[in-house]
Amino acid sequence: MTEESNPNGRVRLDAETLAMQRVRRFTRFRITPALYRETRPVEISAWQVGGEPVPFDTAVAQEFEPIALGTPWGRPWDTVWFDVRGEVPASWPAEAVELVVDLGFVDEQPGFQAEATAYRPDGTIVKAIEPRNAWVPIAEPGPFRLLLEAAANPTIQVPYEYEPTPLGDKATAGDQPHYRLVRLEVALRDLTVWELLQDVVALEGLVATLPADTARRADIVYALERMVDVMDPDDIPGSAQRGRDALAPALAMTAPGSALHVTAVGHAHIDSAWLWPTRETVRKVARTFANVVDLLERDPEFVFAASSAQQYLWLKQSQPELFERVRAAVATGRFRPVGGMWVESDTNMPSGEALVRQFLQGKKFFLEEFGIETDEVWLPDSFGYSAALPQIARAAGARYFVTQKPSWNETNRIPYSTFHWEGIDGSRLFAHLPPAETYNSDLGGLDLARTERVFSGKGSAREVLGLFGWGDGGGGPTREMLAQAARKRDLEGSPRVSLGDPHSFFEAAEAELTSPPVWLGEMYLELHRGTLVSQQKTKRGNRHSEARLRQAELWAATAAILRGTPYPAAELQDAWRTVLLLQFHDILPGTSIAWVHQDAEASYARVAAVLEGIIDSSLAALAGDGDTVLSANAGPYAQAGVPAMAIAPAVETAAATPSADGGAFVLEDPTLRVVVDGRGAFTSIRDLVHDREVLPEGMAGGVLHLLRDTPREWDAWDINEEDQRSGRELLDPVSVGIDGDAIAVRHEFGASAIDVRVRLVEGRIDLSFDIDWHESQKLLKLVFPIDVRADRAASEIQFGHLHRAIHRNTSWDAARFETVAHRWVQVGEPGWGVAIANDVVYGHDLRTLRAPSGSPMVMARLSLLRAPRYPDPEADQGSHSFTVSLRPGGIPEAIVDGYRQSLVPRAITGSPVEALLEVSNPAIVVDAVKLAEDGSGDLVARLYEAHGNRSSGAVTTSIEWDAVEATDLLERPSESTAISAVSDRRVDLRLRPFELLTLRFRAPSRSTRHDA
């Protein structure tokens, strides 16, 4: 398109632009209104639920009242059932008769507003009604009746505004009707006009993307203008075929041999919670899957892929008849469960064992329900990908990986579309980043042009994956999208598009790319860094639940084997599935509405009650009667003289006694001397063993920084680096003094207060924080300057740790200004360093800087709290607690301190109990002990090499077993070189750096009681 100004100042447009203006107006105001040839009114009555959703049988038994079009309906989050009755003329062809609905839709993405489910009178689902899929087929002439379950889900996301809204909490959402009933009528679709419109959409999409000076674009513009010429604007139905004939030559031009091949897979990325609660996701799944089943019947080539075993379970529980239709479609291979995980989880913050259980529970469900095993990891929207994931996925039987999220990076682009992704242990997945850079494609011209432009493998490869269908809030593919796929099967100006399945795509991509490039380490998302901090109570619930699950499984397995008590497999599975659901990538990251996080906190409380009951009853069965005070140590390392995973009397350890020294306070033991001044800051942390100061000269440590936190967009998601230039240090406490064995500091600012207690225990500084937080758009960080010369830091991730550069040599380094660590970070020089551990902190930032003296140093900052306003305007308000520890030490000490923070021994009484397992090398960590999933009574232990070295050691057991074998994560025998020798009650191991190993000890020929 070109344009110029004439002497009168008016813009003069070129002929093509003028032609396309004509085409677009003709399409909008002539063709589109003619889609339905005839309509008939219907009778409508309604019943408002006035609360949480009810089953079909309950709804149809209610008194329905007549309602007219134009009537407001549906207060936020309520449900209204519409009873729709009408009659289809006998002369109308059945394939073109539809109920057409407009619930008051707004011009925003489907899935973020009102939706409905259409039921037959017998309670079976026909399909869903969505803003861009707002029709229901009526197959028979004569009278009909449909019942519509309409969800008045409020529109919370207004693109790029992120303004605080009360709509995310039922208590504040209001009670006024949110929608107006606009349209409900039975209509006869004109199939020729509809096909014409799809032709126009396909060709107009090419015009919008092809270079302006190409012959192909000119041919298409000419064809579109000829369509307008040959059609009668006063008789669109009568002239529609002439219009199609005019477009046919342009649609018949085939793509060149060099064109990319897009395997188009139907998809509906349904967030398990986000701007709606999980109870609504249950209905979103039913609506979407009903749409899909309907399309599968209409197009024999259509294939649909859906992840998340949790969502299939919801469907089975809520809509068993529809679930059976899905099961039948799965059996044909056209409805494809993918991903093999319980949900599309976050992968930054869940523990290693939690990611294991994502695959174990997901794959187990798909095998039991459908008899299939998936071989791909399907995480299109998670906020970065852990470097531990390739090994975990391979151990679960996965080979492939799909995501598009790295395309959201603010600064850098991963240079490959198809590649091998290598994890911290050397395991690899064959990975693909769909170059359309969306999981919500409509297969339109813009998405396909982007596919060709972005695909990095051009020249050496042609196979790409395209995911099409409305997602996030569900809805899925539409018949219009399938029409676009059909027209672009072989169309000049577009990649070739064929409908297919993910597995076939990966096989083709592997075959053509024999030596793919390699991406090593994490896929850090250069965006959404605030997700490591937002909604701290949800994150605390996750970390504590993971710790309780380890304890419950360990002690229940020990009690089952040693005392014959029933192993509570069902209760443990339910607890795990709840925790796994809450690790979904919009729940654990803290980016959902208030309702979701309120539900999460309640769920964590229920899980805690169940697990505490299992732990208490298991420990009581193990220790028995007696008055001897014991300590039950569930951790993988000895604590206070109690061996790992054993029950024994503890050796009492006393904290150092604080003393006053002028205006300062001192804590000292044989290894460390700590000075806290009147500002509540550390002025000295002296390593007495190495005669070395931790803090750079003239700098204070343990200082709290209160920073501005006003993201450019994506409030709960983002932390912007520029905001951290504005803030202040909290160095004016209201009190500092000695309180028992601690130095106590209290800060008050605004409406918030922080109480800090500093203790010195066995050469380790423990800081405990009790925070009453009432800030808005602020970020709280705990800061330690460290007197070391280092260019990298170690951060714990799942089953190991990751070394990251902490300088800014490259744009990649600079972009990692907020990174994830689990229980510890460590930084140091050869022979000396500092380890910082925590009980529930995920966000960290470490940077090389210069101290005031000019010497090099590292600034370590832990991100404790935020207070974003969207989508939950009350996010993080209230009480919080943290524990952070610091000690001079290396990675081995950091690992020990990290486990000590999360697995605190429990005081009980009774008789000592020997551990089931003992490991001779501290580099080999036992991360989980449980009984086998199959109820055999076999003992399963998950171990990993934690130091990043090649490590050898022996696992000895206190129990007899018939055999031991390495297994995959589903506890099936697998090949492994890790077992070097087996003898009586002993397994000798040789592990590679960060190698993950699952051992299954076959129970002796005796029955172990099992409740599931």
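1. In this predicted model, Leu-917 touches Ala-644, Met-645, Val-926, Val-929, Leu-939, Ala-941, Val-955, Thr-956, Thr-957 and Phe-1001, with residues up to four places away in sequence not counted; contact here means heavy atoms within 4.5 Å. Residues are numbered from 1 along each chain as its sequence is written, and side-chain values use heavy atoms, with hydrogens and water left out. Because the model is predicted, local features need pLDDT of at least 70 and side-chain atom pairs count only at pLDDT 80 or more, whereas totals for chains, interfaces and linings use all residues.

2. Leu-917 is also one of the residues that touch the most other members of the largest nonpolar core, which has 136 residues; the others are Phe-289, Tyr-312, Phe-335, Leu-939 and Phe-1001. Such a core is a set of buried Ala, Val, Leu, Ile, Met, Phe, Trp, Tyr and Cys residues joined through side-chain atoms within 4.5 Å, where buried means under 20% relative accessible area with a 1.4 Å probe, protein chains only. H16 gives the most to this core, with 11 residues. Another core, of 61 residues, lies apart from it and includes Phe-749, Leu-780, Phe-817 and Val-834.

3. An open sheet of 3 strands runs in the order E26-E25-E47 with antiparallel pairing; strands (E, at least two residues) and helices (H or I, at least four) are DSSP runs numbered from the N terminus, and two strands pair if DSSP finds at least two bridges between them. Strand E26 (646–648) and strand E47 (906–909) stand at the edges with a single partner strand each, so one side of each is left without a neighbour in the sheet. The twist averages 30° from one strand to the next. Helix H16 (residues 594–623) packs on the sheet, touching E25, E26 and E47, and its direction makes about 40° with that of E47; axes are lines fitted to C-alpha atoms, for helices over the stretch in contact, and angles run from 0 to 180 degrees between N-to-C directions.

4. Strand E25 (residues 629–633) and E26 pair in the antiparallel sense over 3 bridges, and the bridge partner of Ala-632 in E26 is Ile-647.

5. In helix H11 (residues 445–454), the buried residues are Gly-445, Asp-447, Leu-448, Thr-451 and Val-454. These buried residues pack against helix H3 (191–207) and against the strands E15 (261–267), E22 (463–468) and E23 (496–499).

Definitions and conventions:
Buried < 20%, exposed > 50% of the residue type's maximum accessible area, 1.4 Å probe, protein only.
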